[in-house]
Amino acid sequence: MVQRSNDEIRGDLSYLFDKASQALAARMTTALADLDITPRDYCVLTKAAPGELTQGELAEIALLDKTTMVVTMDNLEGAGLARRTPCPEDRRARIVQTTDEGREVVEKARTVIDGVYEDVLAVLPEKQRAAFLDALVALVGTDGPLSAVEPTPNAPRRRSQRSSRSA
């Protein structure tokens with residue numbers, strides 16, 4: 001495996017965020033395996049707990065595309081951890097609710113996730129930990145420069161297999 005020096009990666013913010021996200025997700029996946037849920041399941045269940053959001057709204061705040069959200073909800077419903085009920089204001093929409101069993105799993109998972117976060121952040125002294133978290137919130141919080149995912153104007157399109165064969 002090719003290793004990059006700390007000096008080299010320090011200047012690559014995208015790499016730092018991607019690597020941290022991938023490594024944290026892998027740790028969370030391993031830690032949640034005994035509860036038979038994934039980090040995505042946990043994310044959806046915690047955000048669905050109030051029982052007021054439609055599936056589409058929940059997908060948006062969980063940063064999931066619609067297809068992934070449907071598959072996730074199918075799995076959570078099948079496991080008895082969540083349910084979809086018709087939305088009174090829009091019959092095309094479904095309200096997502098966490099079941100009693102789902103709430104129990106979320107409580108257990110919260111303890112597991114807190115342990116993962118503690119392990120990951122333990123490398124930082126307490127003052128640095130607080131500053132690090134404050135900095136992340138400043139970047140991705142409500143008013144931060146990374147708070148919204150904006151469509152990329154003039155994004156390059158992938159050539160379809162058919163058009164690349166005929167070229």
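Colleague: Which residues line the second largest pocket?

Modeller: Start with the idea. Rolling a probe the size of a water molecule over the atoms shows where empty space is left. Now the case here, in a predicted model. The lining of the second largest pocket consists of Met 1, Val 2, Gln 3, Arg 4, Asn 6, Ile 9, Tyr 15, Leu 16, Lys 19 and Ala 20. Its volume is about 270 Å³.

Colleague: Which helix gives the most to the lining of the largest pocket?

Modeller: Helix 2, with 12 residues. At least two residues each come from helix 2 (13-32), helix 3 (39-48), helix 4 (55-61), helix 6 (100-121) and helix 7 (126-140). Sorted by class, the lining of the largest pocket has 29 nonpolar, 5 polar and 5 charged residues.

Colleague: Let me step back. How many helices and strands are in the chain?

Modeller: There are 8 helices and 2 strands. Along the sequence the pattern reads α-α-α-α-α-β-β-α-α-α. The chain has 167 residues, and 24% of them are buried. Take the contacts with a separation of 6 or more: 45% of them join residues 24 or more positions apart.

Colleague: Next, helix packing. At what angle do the axes of helix 3 and helix 5 cross?

Modeller: The idea comes first. Two packed helices are described by the angle between their axes and the distance between the axes. Here, the axes of helix 3 and helix 5 (residues 66-78) cross at roughly 85° and come within 10 Å. Helix 3 is therefore roughly perpendicular to helix 5.

Colleague: Which residues of helix 3 and helix 5 meet?

Modeller: From helix 3, look at Arg 40, Asp 41, Val 44 and Leu 45. They meet Thr 68, Met 69, Thr 72, Met 73 and Leu 76 of helix 5. This contact of helix 3 with helix 5 has 5 nonpolar, 2 polar and 2 charged residues.

Colleague: Now single residues. Is Val 105 buried or exposed?

Modeller: A residue counts as buried under 20% relative accessible area. Val 105 has 13% relative accessibility, so it counts as buried. Val 105 sits in helix 6. Leaving out residues up to four places away in sequence, Val 105 touches Leu 35, Ile 37 and Leu 81. Val 105 and Thr 46 are 59 residues apart in sequence, yet 9.9 Å apart in space, C-alpha to C-alpha.

Colleague: And Arg 129: buried or exposed?

Modeller: Arg 129 counts as buried, at 11% relative accessibility. Its place is in helix 7. Arg 129 touches Glu 118, Leu 121, Ala 122 and Leu 124, again not counting residues up to four places away in sequence.

Colleague: Last, backbone angles. What phi does Asp 36 have?

Modeller: Here is the background. Most residues other than glycine have a negative phi, and most peptide bonds are trans. Asp 36 is not a glycine, yet its phi is positive, about 60°. Find Asp 36 in the loop between helix 2 and helix 3. Asp 36 is exposed, with a relative accessible area of 67%.

Colleague: Where does Leu 63 lie?

Modeller: Leu 63 lies in the loop between helix 4 and helix 5. Leu 63 has a positive phi of about 60°, and it is not a glycine. Leu 63 is exposed, at a relative accessible area of 70%.

Key:
Residues are numbered from 1 along each chain as its sequence is written. This is a predicted model: local features need pLDDT of at least 70, side-chain atom pairs count only at pLDDT 80 or more; totals for chains, interfaces and linings use all residues. Side-chain values use heavy atoms; hydrogens and water are left out. Helices (H or I, at least four residues) and strands (E, at least two) are DSSP runs, numbered from the N terminus. Ala, Val, Leu, Ile, Met, Phe, Trp, Tyr, Cys and Pro count as nonpolar, Asp, Glu, Lys and Arg as charged, and the others, Gly among them, as polar. On a 1 Å grid over the protein atoms alone, a cavity is a set of points where a 1.4 Å probe fits but cannot get out, and a pocket is an open set with protein on both sides within 12 Å along at least five of seven lines; lining residues have an atom within 4 Å of a point. Grid points are joined across faces, edges and corners, and a volume is the space filled by probe spheres set on the points. Axes are lines fitted to C-alpha atoms, for helices over the stretch in contact, and angles run from 0 to 180 degrees between N-to-C directions. Angles under 35 degrees count as roughly parallel, over 145 as roughly antiparallel, 65 to 115 as roughly perpendicular and the rest as oblique. Contact means heavy atoms within 4.5 Å. Buried means under 20% relative accessible area, exposed over 50%, partly exposed in between (1.4 Å probe, protein chains only).
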